[in-house]
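Let's take a friendly walk through a protein fold, one piece at a time. Keep the picture open beside you and look up each part as we come to it.

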Amino acid sequence: MAKQKLNTFARVRALEGHKAIAFAAALLERMLPNYALFCEVTESGDAPALRNCLNLVWETLKSPKSKFNVAVQLEKVEVATPDTESHDNYGVYPAIDAAIGLASLLNLVAGDDPQGAVVISKLSQGSVEAYLLATGEADDDSVKDHPLMAFEVEVQNELLDYIEQAKSITKAADDMRALALEAGMSNIGLDLS
């Protein structure tokens, strides 16, 4: 009998070190546009700071000798994280998810949270679920079968398929980033073109 394929979160949990970081960073490539749109619409937040932070993570994957001060970046992310009391539009929620995801990635890079990739995987799927429920495109019974949620799970599994087999993290970093952006949309369906 064929070995049953592990579920997405179990596969993410099994990732270690640079592979976990690359997977998490790829998911954030799909979440960060939600934050950027929120900043644009509300004229608040700091999209360039979060973009730079994610770029620093990619750079350390591609050039292992390059380092950055994780604590300084965490502080920037914390300052740039919006709160629901100051904003009454829906966009604040995926923006918060992106910022929390980036903080989790930084904690993963620092070695403070070895399960940071799982947190980000769940945040990304949770963002999609919350979006579908808030827009009325799905309800509790249909959300798991909605095409956008199915696509999110498919993308995560594609990224996992790639990173699990990757031999060189420096090459894998560029490939993972490209794979994440291949569909040209954020995790909640924002057009990135």
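The axes of helices α3 and α8 cross at roughly 145 degrees and come within 7 Å of each other. On the α3 side, Arg51, Asn55, Trp58, Leu61 and Lys62 make the contact, and on the α8 side it is made by Ile169, Thr170, Ala173, Asp174, Met176 and Arg177. Sorted by class, this meeting of α3 with α8 has five nonpolar, two polar and four charged residues. Bear in mind as you look that this is a predicted model.

Now turn to another pair of helices. Helix α4, residues 70-80, packs with helix α5, residues 92-110, at an angle of about 170 degrees, and their axes are 10 Å apart. Because angles over 145 degrees count this way, α4 is roughly antiparallel to α5. Here Val70, Gln73, Leu74 and Val77 of α4 meet a set of α5 residues that includes Ala99, Leu102, Ala103 and Leu106. The classes in this contact of α4 with α5 are nine nonpolar, two polar and no charged residues.

What lies inside the fold? In soluble globular proteins, nonpolar side chains tend to be buried together. In this model, the largest nonpolar core has 50 residues, and Phe23 and Leu105 touch the most other members. Helices α2, α3, α4, α5, α6, α7 and α8 each give two or more residues to this core. The largest share, 14 residues, comes from α2. To see what surrounds Phe23, leave out residues up to four places away in sequence: Phe23 then touches Val12, Leu15, Ala117, Ser121, Gln156, Leu159, Leu160 and Met176. There is also a second, separate core of seven residues, with Val128, Leu132, Val143 and Met149 among them.

Next, follow helix α2, which spans residues 17-42 and holds Asn34. Is Asn34 buried or exposed? Its relative accessibility is 4%, so Asn34 counts as buried, since the cut-off for buried is under 20%. The side chain of Asn34 makes a polar contact of 2.7 Å with the side chain of Ser186. Apart from neighbours within four places in sequence, Asn34 is in contact with Pro94, Ser186, Asn187, Ile188 and Leu190.

Thr42 also lies in helix α2. With a relative accessible area of 22%, Thr42 is partly exposed. The side chain of Thr42 reaches the backbone oxygen of Phe38 at 2.7 Å, and a polar contact of 2.6 Å joins the side chains of Thr42 and Ser44. Not counting residues up to four places away in sequence, Thr42 touches His87 and Asn89. From C-alpha to C-alpha, Thr42 and Ser186 are 19 Å apart in space, and they are 144 residues apart in sequence.

Move on to Glu43, which sits in the loop between α2 and α3. Most residues other than glycine have a negative phi. Glu43 is not a glycine, yet its phi is positive, at about 55 degrees. Glu43 has a relative accessibility of 75%, so this residue counts as exposed.

One last stop is Asp161, in helix α7. Asp161 has 36% relative accessibility and therefore counts as partly exposed. Asp161 and Ile100 are 61 residues apart in sequence, and their C-alpha atoms are 25 Å apart in space.

Definitions and conventions. Residues numbered from 1 in each chain as written. Predicted model: local features only at pLDDT ≥ 70, side-chain atom pairs only at ≥ 80, totals over all residues. Heavy atoms only, no water. Helix = DSSP H or I, 4+ residues; strand = E, 2+ residues; numbered from the N terminus. Buried < 20%, exposed > 50% of the residue type's maximum accessible area, 1.4 Å probe, protein only. Polar contact = N/O pair within 3.5 Å; in protein donor to acceptor, adjacent residues only side chain to side chain. Contact = heavy atoms within 4.5 Å. Axes fitted to C-alpha atoms, helices over the stretch in contact; angles between N-to-C directions. Parallel < 35°, antiparallel > 145°, perpendicular 65-115°, else oblique. Nonpolar A, V, L, I, M, F, W, Y, C, P; charged D, E, K, R; others polar. Core = buried A, V, L, I, M, F, W, Y, C linked by side-chain atoms within 4.5 Å.
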